[in-house]
Every structure is written in structure tokens, then in C-alpha cells.
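Please keep the sequence and the 3D view open while reading.

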Amino acid sequence: MRKSMLIFAFATAAMFACKEEGNQAEAPSKPTPPPPPPPPPTKTEPIIGEFTLMSFQGGPTIEALAKEGEKISNDLVNLGRMLYYDMRLSKAHDVSCNTCHDLASYGVDGKVLSTGHRGQLGKRNSPTVYNSSMQFVQFWDGRSKTVEEQALGPITDPAEMAMPADGKRVVATLESIPEYADAFKKLFPNSAKPVSMENVGKAIGAFERRLITPTRFHKLLAGDTKALTDEEQRGLEAFHQVGCTSCHTGAGVGGTQYQKLGAVKAWPNLHDKGVGELTKKAEDDYKFKVPTLLNVAKTAPYGHDGQMATMEETVKMMAEYQLGKSVTDAEVKSIVAFLSALTGEIPTDFIKQPTLPKSTAKTPKPDKKK
Ligand code: HEC
Ligand code: HEC
């Protein structure tokens, strides 16, 4: 009995084996079965998290800001550009805005600290003027609200362009040059005194409002998911995950708030009290404007005192002192790749130094004295 069952089992197994072989041989004559469905595409998780981009989308887009700039009268912008380059707005006729904010070099001088009148060293690093108008305030400590107001600071700063504080020499210089006097008269028909410091600021500010440089990152914000490479996207995601976006927010990736330098851990060798120096309030000590990071790859050295030489060093310092986190070398590398995707294009033709109108016999002479 047991034996016959075994034989039966063997025979059935052999039969099935035979059948399979037979099937294979017969296959061509049968209608080909439909091909198996392709395996579901291996789901590539998007690198950028669902909420990451929101940190940059609160305020106006850079495209909207650029459009605002385009609305400003070309004549006013052109006057502003001439003033921006004109060294006669400095005491010794040797310094212009462009000396410290070289427009061909992304709006900076590349120095730790800038040198102004008679080679004097300033106490802070010069930030870029590109996209500066996007920021909620101007200067590292925010002491000017707008670029129009800001522009008047350096002209009469004794360490920068060193013109007398009352502005009279600036006005006398511009009034002595007919092309300038006429341009101001035409552009400010309702001003009792068209050539005034206030209007100088308006003209320079108008020019600066055109210095907006959209980047590939802004294409991503506008919906182009291919605008950044994978490495740059990983950097953006790390920038967000590590917590950089708690301070560097908005279309300018900064320029929306003040923060204490050394928010989590005391910043080393900090001498400048920033906002606290202005307000004399202890709670403002060591607060600085969180700067825009647009074009940051081109604006080394970094920080208000220019003490950080490279982006890598800055990223590590920020993580450690502003967030209390340590970042891996791979994270630093991709964050730097992301920061490099924040470089826009310099509007080469627009920023060309214009021909400046000639001085006349009435134009005050350069004063080389301190
Ligand atoms: C001697 C160098 C020097 C000159 C000349 C100079 N600047 Fe600056 N500029 C600086 C420095 C340094 C700062 C930062 C100072 C601070 O924050 O306290 C600055 C800040 C600024 C800012 C603020 C940017 C920001 O991100 O907050 C703008 C805008 C600006 N300058 C425009 C101008 C204009 C316009 C002129 C000409 C009228 C000019 N600068 C002349 C060195 C200079
Ligand atoms: C708590 C707020 C805060 C956080 C978080 C923060 N930052 Fe900053 N960041 C600042 C402030 C304030 C400055 C200005 C530093 C100064 O005044 O010297 C700055 C400056 C910078 C600069 C230099 C820009 C320049 O033009 O000089 C870079 C680059 C930078 N941050 C990147 C980062 C990165 C990357 C992270 C995340 C790892 C980060 N930040 C996190 C507040 C912050």
C-alpha cells in the first residue's frame, strides 16, 4: 500500500515535469500571453521637502520686485547711475560708491574692511548693493530704512566719502555742473531746491532699485522643479533641515529680520554690538540684520566684520553658533552648492560707467586734507 502511493506520487511529479517541458516546446504556436506589467516605477522621493520652499515665499517675489524697479523713470535711474560713479561726491574726489561696491564685482570690494577717504579703514565689511533694496532695512545694524535714505550716509561719513555733514558742498558741486543742475530741475519740478541731498538719495536709490538679480533658485520658487541640480537641491533641503531658514527667509534668503549673532552659543571675538550700539539697549547687543544671501558666492569675505573667509567656514560657524548644531562635511558641501545657486547675472550693459559731465570753474576743488 505505502509503496504504491509512493510510486503514484513519483509518477504525478514526473508527469507535471513533462507537461512543463511540453508547454515550453509548444509555446510559439499559442497566442503570446500579454507581457507582464512593468514593475511600478521605483518611487524617487523628491529631494526637497513639502514645506521647504514656504520659507522663501512669504513676501513679494523677486520677479515682482524687479518689475517695480522697471517702473521707475529711466531718467531718474540714469542720474542715479552717474552719481553712483561720480568721485566728485567725495571730499578728495577719489572715492565713489563704486569704489567699495564695485558693480562689476557683484557690488563688493572683496576686502575684509573697506578703505575710504585718505585710505581710512572702516569698521565693517561692505555688503553688496545688488538686491539690497529688497531688505527690510539697510546696513548691518539697520540704521537706514531705505536705499534712498542709506545713500546719504556714506557721502558725509568722515571715513568714507568725507563730505561736510551739512551737505552744502555736495549741493554746490552738483549745482556747478550744468548737466546735473538741469537733470535735477527736470526730474524734481516741484522741489523748491531741486539739487538737494534728499533728491541725491532719491536718484541713487532709484538706480539701486534696478539692481535686482534673479537666480536659478528663483526659477525653482516660481515652479521650475528642474532649476537646481540634485546636489543643490540636497543643499537647499539641508539648509532648511538644519534650521538656517529660521533666520534666512524670503525671496532674498535673508534681509527680513534682526538676529543676535551667537544666538545659541557666544560668537567668538565679537566686538561690535550692532543694533545695541545704536539703541543702547542691552537686549539689542550683538544683534545684526540677517543679510540676504543672494550672490553670496561672489561676496567673500563674510560677516559684518569680514572675519569669515570662505562659505564653508561661514556655514560651519552659523550651524554651531546660531543653531547649536554640527554639520557633516557632506552637508557643508551641499549647502555651499545651494548657496552658489543663489548667484544671479550682472546686468553688464546697465551698470556700465556712464560718461560723467565735466566740472566747471565753479566746481569745488578736491580737498586732500583730513
Ligand atoms: C569707503 C567704502 C564705502 C563707500 C565709498 C560707500 N559704501 Fe556703502 N557700505 C560700505 C560699508 C562698510 C557698509 C556697511 C556699513 C554698516 O553696515 O555699518 C555699506 C553699506 C551700504 C549699503 C547697505 C547694504 C546692506 O545690505 O545693508 C548700501 C545700499 C550701500 N552701502 C550703498 C552705497 C552707496 C549708494 C554709496 C555711494 C553714495 C556707498 N554705499 C558708498 C562701504 C562703502
Ligand atoms: C539665528 C539666526 C541665524 C541662523 C539660524 C543662521 N543665520 Fe546666517 N546669519 C545670521 C546673521 C545675524 C548674520 C550676519 C552675521 C554678521 O553680522 O557678522 C548671518 C550671516 C550669514 C552669512 C554671511 C553673509 C554675508 O554676506 O556676509 C552666511 C553665508 C550665512 N549666514 C549662512 C547661514 C547658514 C548656511 C545657516 C544655517 C547653517 C545660517 N546662516 C543660519 C543669522 C542666522
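## Helices α11 and α14

In this predicted model, helix α11 (residues 230–242) packs against helix α14 (residues 329–340) with the axes 7 Å apart and at an angle of about 110 degrees. Angles of 65 to 115 degrees count as roughly perpendicular, and α11 and α14 are therefore roughly perpendicular to each other.

On the α11 side, the contact is made by E231, E232, R234, G235, L236, A238, F239 and V242. On the α14 side, E331, S334, I335, V336, A337 and F338 take part. Sorted by class, the contact of α11 with α14 has 8 nonpolar, 2 polar and 4 charged residues.

## Helices α3 and α9

A second pair is formed by helix α3 (residues 74–85) and α9, whose axes come within 7 Å and cross at roughly 100 degrees. The helices α3 and α9 are therefore roughly perpendicular to each other. From α3, the residues in contact are L76, V77, L79, G80, R81, L83 and Y84; from α9, they are V200, A203, I204, G205, A206 and F207. By class, the contact of α3 with α9 has 10 nonpolar, 2 polar and 1 charged residues.

## The buried side of α7

Which residues of helix α7 (residues 168–175) are buried? They are V170, T173 and L174. These residues cover an arc of only 95 degrees around the axis, so they are on the same side of α7. The elements that cover the buried residues of α7 include α6 (152–156), α8 (178–187) and α9 (197–208).

## Around ligand 1

There are 27 residues around ligand 1, and C97, C100, G116, F139 and P154 come nearest. Helices α4 (97–100), α5 (147–150) and α6 each supply at least two residues of this shell. The most comes from α4, with 3 residues. By class, the shell around ligand 1 divides into 14 nonpolar, 10 polar and 3 charged residues.

## Around ligand 2

Ligand 2 is surrounded by 28 residues, of which C244, C247, Y302, G303 and M318 are the closest. Two or more residues of this shell come from each of α11 and α13 (311–323). The largest share belongs to α13, with 7 residues. The shell around ligand 2 has 19 nonpolar and 9 polar residues, and no charged ones.

Most residues other than glycine have a negative phi, and most peptide bonds are trans.

R118, in the loop between α4 and α5, has a positive phi, near 50 degrees. R118 has 15 other C-beta atoms within 10 Å and is therefore partly exposed. Y286, in the loop between α12 and β2, also has a positive phi, here near 70 degrees. With 19 other C-beta atoms within 10 Å, Y286 is partly exposed; a residue counts as buried at 20 or more. The peptide bond from A300 to P301 is cis, with omega near -5 degrees, and P301 lies in the loop between β2 (287–289) and α13.

L270 lies between β1 (258–260) and α12 (275–279). L270 and Y286 are 16 residues apart along the chain, and their C-alpha atoms are separated by 7.9 Å. Leaving aside neighbours within four places in sequence, L270 is in contact with L261, G262 and Y286. L270 has 18 other C-beta atoms within 10 Å, so L270 is partly exposed.

Notes. Residues are numbered from 1 along each chain as its sequence is written. Chains are lettered from A and ligands numbered from 1 in the order in which they are written. This is a predicted model: local features need pLDDT of at least 70, side-chain atom pairs count only at pLDDT 80 or more; totals for chains, interfaces and linings use all residues. Axes are lines fitted to C-alpha atoms, for helices over the stretch in contact, and angles run from 0 to 180 degrees between N-to-C directions. Helices (H or I, at least four residues) and strands (E, at least two) are DSSP runs, numbered from the N terminus. Angles under 35 degrees count as roughly parallel, over 145 as roughly antiparallel, 65 to 115 as roughly perpendicular and the rest as oblique. Two residues are in contact if their C-beta atoms, placed from the backbone, lie within 7 Å. Ala, Val, Leu, Ile, Met, Phe, Trp, Tyr, Cys and Pro count as nonpolar, Asp, Glu, Lys and Arg as charged, and the others, Gly among them, as polar. A residue is buried if 20 or more other C-beta atoms lie within 10 Å of its own, exposed if 12 or fewer, and partly exposed in between; C-beta atoms are placed from the backbone. The arc is that of the directions from the helix axis to the C-beta atoms. A residue is near a molecule or strand if its C-beta atom, placed from the backbone, lies within 6 Å of it.
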